[in-house]
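Thanks for coming. I will go through one structure, helix packing to begin with, then the domains and the ligand.

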Amino acid sequence: MKNIRLPNYSIYLDDQWNNLRESIKDYSKIIILMDINSRIYCLEEFLILSEIKKYETIVIPDKDGNCCSDNKTTSDTNKIPNCMEQYKNLDTCQFIFDEFIRLGADRHSLLINLGGGVVCDMGGFCAATFMRGFDFIHFPTTLLSQVDGSVGGKLGVNFKGYKNLVGVFKDPIDIFIFDKFLESLPERELRSGFAEIIKHAMTLNYNLWDQITDMDKIDIKLLLPLIEKSIVLKKQIVQTDPFEKGKRKILNFGHTIGHGIETAYLKRQLRITHGEAVAAGMIMECYLSKLYYNHTEEWMEKILNEFRKFFPKIDLSDEIYNEVLENIKLDKKNIGREPLFTLLLEVGNVEYDLKVPIGSIKDAINFYRTDY
Ligand SMILES: NC(=O)c1ccc[n+]([C@@H]2O[C@H](COP(=O)([O-])OP(=O)(O)OC[C@H]3O[C@@H](n4cnc5c(N)ncnc54)[C@H](O)[C@@H]3O)[C@@H](O)[C@H]2O)c1
Ligand SMILES: [Zn+2]
């Protein structure tokens, strides 16, 4: 695997541990931020391989002081006692800031975000704002955070139920990808990350899409080349448009409707992964692309069949349906209240900032409900 360089930082897929030691050597204090699963499944190996001897840790607690990504621990798998997304908020930031103070963090400290997208987004946000900012590293431990969440400098938390409403842009010192950490991920979390790989393929690279259509299950042993390709594609976009003024909006494909769904589920304390919501969003936005560009039924059916291999249908009852529509009108990517979409001219080629009538959005959701 090749290491990937951006102007301000590198993403290491190879020789991670030597490079990590090099990146952290000048800091007075090292703090490792985790959630309970990355604490259980990744910390020990991380400490052995990194050979870090002097460090502090912060573990984000859940309401009962513990957390587990394995749904076997709950009787109702739709409720979310174990989803980190519900802790991605200013209350948890306050807990992290308190811990920074308790541990004596200062502007010469380094935070290592060892966890999924929630740990990376929220830890990065806390490090970027505490004492007007100290350095941080992302060490993503989920597929989603490896292929997407850790790359591109977006940091933040949800507010009043709205996704990532409060946040900043700031780059990490470096990012380290260690695919062995994916071995403990539940299948559902793997699928979630796979949705973002599909997004990168559908919007940016037909060859990657072609490769995905040859697969009928996610084989962890075959993932590393896809992770690398996905990161390279995202890197090319964020380098040309770091602050999402133009081209970076391509990466919002599936997210206008997807975030609307995720927000509606979150408010009801129902479990949905980011990737599950985005996959449903991509299906509906493919339908909008079909309406916009007059794609054929066969074009649509071929795409649906690919999604069916990986993503079961999610529930969009009338109550959720109405709320999704409201959420879309409030999306932070809108100009005024007008929802804007990224749509597929063809697979691998998109246009963005497209206005779509609200009636078509309703049609797209109804299409998902009846035809997927
Ligand atoms: N900043 C960005 O550009 C960007 C891009 C995409 C997504 N995101 C954000 O990322 C978040 C989603 O990230 P995520 O899917 O990683 O969710 P997550 O952080 O909630 O992690 C998913 C689950 O996996 C568990 N986990 C983490 N590492 C594990 C491991 N190695 N083994 C077993 N379990 C493990 C976590 O505890 C959690 O239960 C969302 O909040 C989304 O908005 C940000
Ligand atoms: Zn996403």
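A crossing of two helices is called left-handed if the near helix is turned anticlockwise from the far one by less than a right angle, and right-handed if clockwise. Helices here are DSSP runs of H or I with at least four residues, strands are runs of E with at least two, and both are numbered from the N terminus.

Before I use that, some housekeeping. This is a predicted model, in which local features need pLDDT of at least 70 and side-chain atom pairs count only at pLDDT 80 or more, while totals for chains, interfaces and linings use all residues. Residues are numbered from 1 along each chain as its sequence is written, and chains are lettered from A and ligands numbered from 1 in the order in which they are written.

Now the helices. The crossing of α7 and α11 is left-handed. Helix α11 covers residues 274-293, and its axis comes within 7 Å of that of α7, at roughly 35°. An axis is a line fitted to C-alpha atoms, for helices over the stretch in contact, and angles run from 0 to 180 degrees between N-to-C directions. Among the residues that meet are Phe194 and Ile198 in α7, and Val278 and Met282 in α11. Contact means C-beta atoms, placed from the backbone, within 7 Å.

What angle do α7 and α8 make? About 135°, with the axes 6 Å apart; α7 is residues 187-204 and α8 is residues 206-213. The two are therefore oblique to each other; angles under 35 degrees count as roughly parallel, over 145 as roughly antiparallel, 65 to 115 as roughly perpendicular and the rest as oblique. The α7 and α8 crossing is left-handed too. On the α8 side, the residues are Leu208, Trp209 and Ile212.

Next, the domains. The assignment gives domain 1 (4-184) and domain 2 (187-371); such bounds come from an automatic or database domain assignment. Their centres, taken over C-alpha atoms, are 25 Å apart. Domain 1 puts 31 residues into the contact and domain 2 puts in 33. On the domain 1 side, α6 (143-149) gives the largest share, 5 residues.

Last, where does ligand 1 lie? Both domains give residues to its shell, so ligand 1 lies between them. The shell has 33 residues, and the closest are Asn37, Met84, Gly116, Gly117 and Thr142. A residue counts as near if its C-beta atom, placed from the backbone, lies within 6 Å. Helix α7 comes back here, as one of the elements that give two or more residues to this shell.

Definitions and conventions: Contact = placed C-beta atoms within 7 Å.
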